[in-house]
Amino acid sequence: MAKALFTKGDRVFVKPVGVWSTVERIMPQWVKGVEEPLKVFYDVGLGRDFLANELGAEQRDDRDASMDHTLSEHWRIARMNNRWLPEAEALRGRHPFPGSYPVVITDEQDWGGWRVPAAEYDRNPKRIEFQSRVLVNALKMLRLTRDLAQFGSEFDAAMPDQLKDLLAVADEVLADVYQAEPTGPGALALAD
């Protein structure tokens, strides 16, 4: 079932076209006997209707607005053929999926996302497979972290100390993800 993520008059970025537009109409697709719409289409005045995953929300200042993408995006793992590695070499048992390597697709058009060079995959395939699974589930983990932090803010006084420690870590993670400038040990030093 689908729910409307945008309302009439919202300013949205239309990803397939690459322009900003305004939602003019919301058109739910109903099915007889079902209480909620099957899909929700948006008319943004560009000649065709768009789904929510084809539109991006305008960036707002509050934290909740910047987290809407965790509900609208769907990342997945695709397998690509490893053209540089002979099949006999891949079958020696080091590669969990012989003859292929993972690619994390983060775009609806199946071409954006995270890829790894073949030489890096060949060096430690199990590590790269683990990284790809972590990346695919990153938005779900981010949503869980956000929900945990909200829970902590609502029930702060009645929580055990161990849970308070976990909530402090959740707040640090959210601050690190949503801040504008990178900080910490992994941040790149910018030259003046």
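**View 1. Glu54 and Arg48 form a salt bridge in this predicted model.** The closest N and O atoms are 3.1 Å apart. Glu54 sits in the loop between β5 and β6 (55-57). Glu54 is buried, because its relative accessible area of 14% falls under 20%. Arg48 is partly exposed at 38% relative accessibility.

**View 2. Contacts around Glu54.** Leaving out residues up to four places away in sequence, Glu54 touches Phe13, Val14, Lys15, Pro16, Arg48 and Asp49. Arg48, in this set, is also the salt-bridge partner of Glu54.

**View 3. A salt bridge links Asp43 to Arg25.** The N to O distance is 3.4 Å. Asp43 lies in strand β4 and Arg25 in strand β3, so the pair ties together parts 18 residues apart in sequence. Asp43 counts as buried at 14% relative accessibility. Arg25 is partly exposed, with a relative accessible area of 46%.

**View 4. Strands β3, β4 and β5 pair through bridges.** β3 (residues 25-29) and β4 (residues 39-43) run antiparallel and are joined by five bridges. Gln29 has Lys39 in β4 as its bridge partner. β4 and β5 (residues 49-50) also run antiparallel, with two bridges between them. Here Tyr42 is partnered by Phe50 in β5. Five residues separate the strands in the hairpin of β4 and β5, where Gly45 takes a positive phi near 80 degrees.

**View 5. Asp147 and Arg146 meet in a salt bridge.** Their side chains come to 3.4 Å, N to O. Asp147 is partly exposed, at 37% relative accessible area. Arg146 is buried, at 13%. The whole structure holds four salt bridges.

Note on methods. Residues numbered from 1 in each chain as written. Predicted model: local features only at pLDDT ≥ 70, side-chain atom pairs only at ≥ 80, totals over all residues. Heavy atoms only, no water. Pairing = 2+ DSSP bridges. Helix = DSSP H or I, 4+ residues; strand = E, 2+ residues; numbered from the N terminus. Contact = heavy atoms within 4.5 Å. Buried < 20%, exposed > 50% of the residue type's maximum accessible area, 1.4 Å probe, protein only.
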